[in-house]
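This report covers one protein chain, beginning with a single side chain and then turning to the chain as a whole. Please look at the structure before reading on.

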Amino acid sequence: MSQHDASSVAATGQRTTNPKTPEPLYGGSGTGRRVTVRDIAAAKARGEKWPMLTAYDALTAAIFDRAGIPVLLVGDSAAMVVYGHDTTIPVTVDDLIPLTAAVVRGTSRALVVADLPFGSYQASPGAALAAAIRFLKETGAHAVKLEGGQRVARQVEDLVSAGIPVMAHLGLTPQSVNAFGGYRVQGRGEDGERLLHDAKVLQAAGAFAVVLECVPESLAARVTETLTIPTIGIGAGPGCDAQVLVWQDMAGLSPRTAKFVKKYADLATVLSDAATAFARDVTSGSFPDQEHSYH
């Protein structure tokens, strides 16, 4: 490696076979290291779109990691898809820590983001820092996510100052579902200007990315064009830099999904058929057979 190349690697933390063609964020595997927030920023600069999925266990996370998904979110959506609640509000830090640790252990490349659940950061920047430190120290997570605009800017500033990367979340913030009066599209009319202002504030506070959930696609495109950090859409149209879905929604496991969800599989039917076939074999006495018995 030339001195110029060595300096480039030291500056960016990324080695590529050709400096003019850096490894893509999605599907890349040649660096032998984790995706970082600097890689995500570089993808924004290149105009490269990328996918993000949720994950809550080691086996699923490993599948997504091998598929090249660069960022995995251990979402507070675990309240519903793992723990069976109706909203994200009941889930706690203690509930999410073992799930996050499992996802980290199951992956080798993906950047793992831990959701800060309701009540863990709203009270004060100190509370936010304490919760975020637990996730990084006890699980190995690489970043945290929190909801809200200007009202959490101080929390974002303090976390970033402490060396903790922060992903922000605007629009339909599920932890505020009671204040919104349900799951409704956000950012229409004058509210759109407020959301854009919040996005700028969060960027200035140091957030490395911002999730835009259930906002008009024209507003999401405008925010994406305005910010230098990437936007991650979920029900925000095609103009965002990245897209995220809850994996159970994406794979057709969830019984009810929002309008913005595209189902890429029918996992509910696959699992149901497998369970039915297993039960049939057991009740008929054909399982276990000699092939599946020890001798």
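In this predicted model, the side chain of Asp 241 reaches the backbone nitrogen of Thr 231 at 2.9 Å. Asp 241 sits in the loop that joins strand 7 (231-234) to strand 8 (242-245). Its contacts (heavy atoms within 4.5 Å) beyond four places in sequence include Lys 44, Glu 48, Lys 49 and Trp 50, as well as Thr 224, Ile 229, Pro 230 and Thr 231.

Residues are numbered from 1 along each chain as its sequence is written. Local features need pLDDT of at least 70 and side-chain atom pairs 80 or more, while totals for chains, interfaces and linings use all residues, and side-chain values use heavy atoms, without hydrogens and water.

Buried here means under 20% relative accessible area, with a 1.4 Å probe and protein chains only.

| Residue | Relative accessible area | State |
|---|---|---|
| Asp 241 | 11% | buried |
| Ser 120 | 9% | buried |
| Leu 25 | 3% | buried |

Ser 120 is in the loop between strand 3 (111-115) and helix 6 (125-139). A polar atom of the Ser 120 side chain lies 2.6 Å from the backbone oxygen of Pro 117. Apart from neighbours within four places in sequence, Ser 120 is in contact with Val 93, Ala 127, Ala 128 and Ala 131.

Leu 25 belongs to the loop between helix 1 (3-12) and helix 2 (37-46). Residues up to four places away aside, Leu 25 touches, among others, Val 35, Asp 39, Ile 40, Ala 43, Glu 48, Trp 50 and Arg 109.

Of its 295 residues, 45% count as buried. The C-alpha trace spans about 65 × 60 × 35 Å along its principal axes. Among contacts between residues at least 6 apart in sequence, 57% join residues at least 24 apart.

The chain carries 26 positive and 29 negative side chains, and the centres of the two sets lie 5 Å apart. Lys and Arg count as positive, Asp and Glu as negative, and His and the chain ends are not counted; each charge is placed at NZ of Lys, CZ of Arg, CG of Asp or CD of Glu.

Terms used
Helix = DSSP H or I, 4+ residues; strand = E, 2+ residues; numbered from the N terminus. Buried < 20%, exposed > 50% of the residue type's maximum accessible area, 1.4 Å probe, protein only. Polar contact = N/O pair within 3.5 Å; in protein donor to acceptor, adjacent residues only side chain to side chain.
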